[in-house]
There are 4 protein chains.
Amino acid sequence: MPGRGFLADLEERAAAVLDEPVLRYFRQGARDSVSTDEAPAAWAARRLLPRVLRDVSVVDPSVTLLGHRVPGPLGIAPTTLQRAAHPDGEVATARAAAAAGAPMVLSSNAGATFAEVAETGVHWWLQIYLGPDRTAAVPLLRRAREAGARAVVLTVDTPVVGTKYDPGPAVWEVADPGWLRVNHGGDPEPGPGGDKATDLGPHDIDWLRKETGLPVVVKGVLRADEARRCVDAGAAAVWVSNHGGRQLDRVAATADCLAAVADEVGDHAEVYVDGGIRSGLDVATALACGARGVFLGRPVLYALAVAGEAGVAELLRDLSEELVETMRLLGCSRIESVRADLLAPGSHRSTVR
Amino acid sequence: MPGRGFLADLEERAAAVLDEPVLRYFRQGARDSVSTDEAPAAWAARRLLPRVLRDVSVVDPSVTLLGHRVPGPLGIAPTTLQRAAHPDGEVATARAAAAAGAPMVLSSNAGATFAEVAETGVHWWLQIYLGPDRTAAVPLLRRAREAGARAVVLTVDTPVVGTKYDPGPAVWEVADPGWLRVNHGGDPEPGPGGDKATDLGPHDIDWLRKETGLPVVVKGVLRADEARRCVDAGAAAVWVSNHGGRQLDRVAATADCLAAVADEVGDHAEVYVDGGIRSGLDVATALACGARGVFLGRPVLYALAVAGEAGVAELLRDLSEELVETMRLLGCSRIESVRADLLAPGSHRSTVR
Amino acid sequence: MPGRGFLADLEERAAAVLDEPVLRYFRQGARDSVSTDEAPAAWAARRLLPRVLRDVSVVDPSVTLLGHRVPGPLGIAPTTLQRAAHPDGEVATARAAAAAGAPMVLSSNAGATFAEVAETGVHWWLQIYLGPDRTAAVPLLRRAREAGARAVVLTVDTPVVGTKYDPGPAVWEVADPGWLRVNHGGDPEPGPGGDKATDLGPHDIDWLRKETGLPVVVKGVLRADEARRCVDAGAAAVWVSNHGGRQLDRVAATADCLAAVADEVGDHAEVYVDGGIRSGLDVATALACGARGVFLGRPVLYALAVAGEAGVAELLRDLSEELVETMRLLGCSRIESVRADLLAPGSHRSTVR
Amino acid sequence: MPGRGFLADLEERAAAVLDEPVLRYFRQGARDSVSTDEAPAAWAARRLLPRVLRDVSVVDPSVTLLGHRVPGPLGIAPTTLQRAAHPDGEVATARAAAAAGAPMVLSSNAGATFAEVAETGVHWWLQIYLGPDRTAAVPLLRRAREAGARAVVLTVDTPVVGTKYDPGPAVWEVADPGWLRVNHGGDPEPGPGGDKATDLGPHDIDWLRKETGLPVVVKGVLRADEARRCVDAGAAAVWVSNHGGRQLDRVAATADCLAAVADEVGDHAEVYVDGGIRSGLDVATALACGARGVFLGRPVLYALAVAGEAGVAELLRDLSEELVETMRLLGCSRIESVRADLLAPGSHRSTVR
């Protein structure tokens, strides 16, 4: 009989091996960290109503993400400082993701080059911030595309970097500055938050799509009306995220926002989610709320810290196995069957107190 | 003035006498045991609105279950390893149930033979899992029927055995393997969960009914729509159960599912419930939610552990006496009077947080 | 600036002077005491929405109860064993009530004679249980009427005495048996609960009214439909009470039941309430929920224990003064102005968890 | 990366420097202080749903209050005893407010003269209680007007001073009596609460408006219907306040009342709020609930205590900076954009338990 396995106390085990400033950077949320802290509970509060008497002999968790079939809905969210978690950094993550067939979203502040990541064979997308001068991003986008990036993930929740009360350091104090700029060619060091556009608009989605020829995923959307605006502007997917609670405190939990977004745009675009996913039950719950892709942020950093590539591999494997078992016990043989009727009405109040 | 009597600290007293691995096996729930732990509170959260000025001189808690009149709605849920709770195992339980007139559902993994159980005179039903080869169950069903089983209870929530994080042992590590197979004749040892069908469907209900000529109870249903499917397929009764929280964690509490199921199929089939019943108040609450039969799982194991047959007898007697007092104080002289209007609206939110 | 005054830690101060068995008897509730314990919080959970810019120069908390004008809505609920709280028992309570102009409901198991109580000049009503032989109560009713009782309060929530788990004693073990029978003439000792009718019906209200020529108050009603039945049967008033939580555990809080009862019958009968009233804010809240009379049970016993007649007088005075201040701050100059719009919608969930 | 800055532990730091009786006076709430204590949590419970892809290059938090453009919605609520917080008292507050461009409401029991306050250049309003003889206020009003007061704030929640259970002193025991009367000329000392009118009515709003020629703000309104009455009577603004919980305990939190008031009268009058505002997130939440002006009470006293004028300046600056960041992260470039759609439905239940 298996124990909780690799996921057991993952954060605690990572905390034991990480440098304290790095750990604090990974953990921190905006201001009082309310949203960061309540994210996992927002999933865990939901109760399930399984179907029975369904043929679950074969459970297929595979799904297509932007037309690419992947073995399951799990993906790697963009995070920076992976080399501070483990010397192998993004390359280790990419190898584990490649082995699992999971898509990886590479932070534009990654510490590995596009080439190093691409070499692992991973299916990868580039996350990007746009700055006041949009064209400054063109070389980066071009390099990414040439290195095989299959989509661009535009982060839209960061017109400024949200204040942290944590006495811990900012990213540029923890990281080797070179890491953050490894893919930026000769571009100048942006400094603390100084390179973020504060005037992003729907037109930037269209520009990005045309500039790159790649599908554009808009990350950082929590509202149905905004999701609609993004899709109308050409987004191929909308990513429900509150940036791990690092931008605006007291922002609603993604678990509490997902269903409304999926109901609004799910027929015309793909819907992804991150934030507080810690178990296969969480993944299944996110699917039931309408997600097509479910992305992992901090858990990847912790898995990296604990065991490098093998850690990320175990993380993906354990969550995937739990998802398959959960689907079977929910009476669902395919991802498409994991729908809202599996959620007990009224069981979503946890974070709203 | 009576104290809480036999029910006081029953689990704690059992814990003091049980072998630790056995105790852990009895207690364990799937993964984080959320659903196992919150089951009792889901009943206890409900508030009552008694009727007054009703003639309760004579309170009759008797009811018919599948056409058989029993002195009250209480029954014994199927549990395995009763011989690990007490050397007399299922025979002790059966004797106590027989004396109380309560129906007993015998696990197909019971440690006593059908003949030994039948000899006690108990009114008993056989619980069964079906395997990939349905016909493999035919000999067992035949033997049960010949030994006097009056119904078949088909468990439908176990296409696979739910993962436990508890470091405790699995059943086959705790039990004498012979116990689990005592009624299976020469059938081979199934191994860990390996003999469960993953493709059960409504047609299996019909097959079981025809094969045995007995009424079929479908156990492990939490949804109104699934209950309807079962009844349409020929189920005589639907048993609202989440397997004591041992299969899928974060599954809804039976207390929170019962009313919807009873509303949907209560006019055409009997509705039973188990999960977290710890007092006569719980029993009355379950009746008010629409149950016709209320079954006891872990409390029977604990009562067995503490005092064998006498323990189970006291358990049934105490709950029954509390039920009669509760009915009287609710202004109900018959089971049929214990209806949903006795529940305060809005008082069912406890487990949904 | 006043402190909380006499009400501060009243129960604790009483606990320090009462004999332990008596204290336990006063405190105890049915079974797990859930309803007893949550009664005060059900009032305290409600939030107020004061009116402003009203003339509250003169605040008049007076009200008529059954046609008798009293200085305020407060009254003394029937409790037994007052002589165990203080040697002066019911006579002390009656004197304090008389001085305050508050009506006193005398338990039929009072330890003072009707004459002794009447002598204080208090406006009093008799509480009564009816037994299997209704006519057995006739002499008691006659004596009460002759001694000046102005109404009969029929308790309808006690077809049997609810089980207590508290290891404490029953009333007949704590009290001098003579106390309980002092007004019963030569009637035989009833024994533990043995003299309660289990077949009370609406007709008993009518019988009592005709037998005594007094208005009949029905005590122990929590539901609108039952209140309607009582009024249709001739009740002059309905008393929302759960017997201090001593009868049926997990019964709804009176604070959560009152409004529905008042909405249903408030136009045709008076509505009273008891249970968990501990402050003038509670009294105002009860009025806003629809009560016309608000009765005090345990607080009277504790006040008696602490300071006898003076204690009860202080209790009534402090609550009354707080009520007047609260009415003024709510913008209400008369009791009739204290209505449901003063309660914040949604602020009544406290006990329903 | 900034920490919480000046706001961190502000109350605790003030507690360390204030005389104990003064601290207790500042902190105290009516009776059990329930409403005082739960005010901040009522804001903090609300969850936010940011807009994205909006041009927030320039965020303008300025707003007009009664026709006067101010740099932001923050203002100074009227509080007495500022000289007990810091020797510079109201003058220090006024200087800081003047520098920040924030309006200051001067208590009619201020410890600085109108002239001293006016000299700072602050935009100020006079708070006033009316007494039984309205004309007694005329000289005070005249002096205020002559000294430059731009509005009159009529407190309507104080027909009597609410009882405090705190053993701490009343204002007249803590303050130098002269402070409280410095602007009252030769008017007699009112004594404890003795000078409050208990018969205020809507006509007083009209009288005050005509008497002074100034706009009248009605402070202490929690209900939509009362707000409507005030506006119909000529109020230019309605101030949602529960007097810091110092008047009526268990009064609803202003955070829970504001939206209904703003919905009712927001089109015809300005709506202000105070109570429990402790962060820029709170300010933004109040704006989203419909406030146009957001006023600070106790935080100003604590800031004064800690650092005098510089403290109040830092308080205003920190809150203002957090508001701008929050607006940017909410996708709002102007105050008018901070509307109710930014609040997650159902996330306002915290204080209603």
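Across the interface of chain A and chain D, 6 salt bridges are found, a salt bridge being a side-chain nitrogen of Lys or Arg within 4 Å of a carboxyl oxygen of Asp or Glu. In one of them, A:Arg223 pairs with D:Asp341, with 2.5 Å between the closest N and O atoms. On the side of chain A that touches chain D, α3 (34-44), α10 (202-212) and α11 (224-232) of chain A each supply at least two residues. The largest share of that side, 3 residues, comes from α11(A). Helices (H or I, at least four residues) and strands (E, at least two) are DSSP runs, numbered from the N terminus. By residue class, the side of chain A that touches chain D divides into 19 nonpolar, 9 polar and 15 charged residues. In this scheme Ala, Val, Leu, Ile, Met, Phe, Trp, Tyr, Cys and Pro count as nonpolar, Asp, Glu, Lys and Arg as charged, and the others, Gly among them, as polar.

The model is predicted: local features need pLDDT of at least 70, side-chain atom pairs count only at pLDDT 80 or more, and totals for chains, interfaces and linings use all residues. Residues are numbered from 1 along each chain as its sequence is written, chains are lettered from A and ligands numbered from 1 in the order in which they are written, and side-chain values use heavy atoms, with hydrogens and water left out.

Turning to the extent of this interface, the contact (heavy atoms within 4.5 Å) takes 43 residues from chain A and 38 residues from chain D. The area buried between chain A and chain D is about 3200 Å², with carbon and sulfur atoms giving 57% of that area. Buried area is the accessible area (1.4 Å probe) that two parts lose on being put together, summed over both. Of the area that chain A buries against chain D, 24% is supplied by A:Arg223, A:Leu248 and A:Arg250, more than by any other three residues.

The pair of chain C and chain D can be described in the same terms. A rotation of 90° with 0.0 Å of shift along its axis superposes chain C on chain D, with an RMSD of 0.0 Å. The two copies are thus related as by a four-fold rotation axis. Superposition is by least squares on the C-alpha atoms of residues with pLDDT of at least 70 in both copies. Only 5% of the interface residues of chain C are also interface residues in chain D, so the copies meet through different surfaces.

This contact takes 38 residues from chain C and 41 residues from chain D. Chain C and chain D bury about 3200 Å² between them, and 57% of this area is on carbon and sulfur atoms. Between these two chains there are 6 salt bridges, including one in which the side chains of D:Arg223 and C:Asp341 meet at 2.5 Å, N to O. The count of residue pairs in polar contact between chain C and chain D is 16, both residues being at pLDDT 80 or more. On the side of chain C that touches chain D, α3 (34-44), α13 (280-288) and α14 (298-330) of chain C each supply at least two residues. The helix α14(C) gives the most to that side, with 6 residues.

Over all chains, a search of the whole structure finds 84 salt bridges. One of these links C:Arg223 and B:Asp341, with 2.5 Å between the closest N and O atoms. C:Arg223 lies in the loop between β7 (216-219) and α11 (224-232) of chain C and B:Asp341 in the segment after α14 (298-330) of chain B, so the pair joins two chains. C:Arg223 is buried at 7% relative accessibility, whereas B:Asp341 is partly exposed at 31%; buried means under 20% relative accessible area, exposed over 50%, and partly exposed in between (1.4 Å probe, protein chains only). A network of salt bridges links A:Arg51, A:Asp341, B:Arg223 and B:Asp225.

Within chain B, the side chains of B:Asp256 and B:Arg46 form a salt bridge at 3.1 Å, N to O. B:Asp256 lies in helix α12 (residues 254-265) and B:Arg46 in the loop between α3 (34-44) and β1 (63-65), so the pair ties together parts of chain B that are 210 residues apart in sequence.

Note on methods. A polar contact is a pair of N or O atoms within 3.5 Å; within protein, one must be able to donate a hydrogen and the other to accept it, and residues adjacent in sequence count only if both atoms are side-chain atoms.
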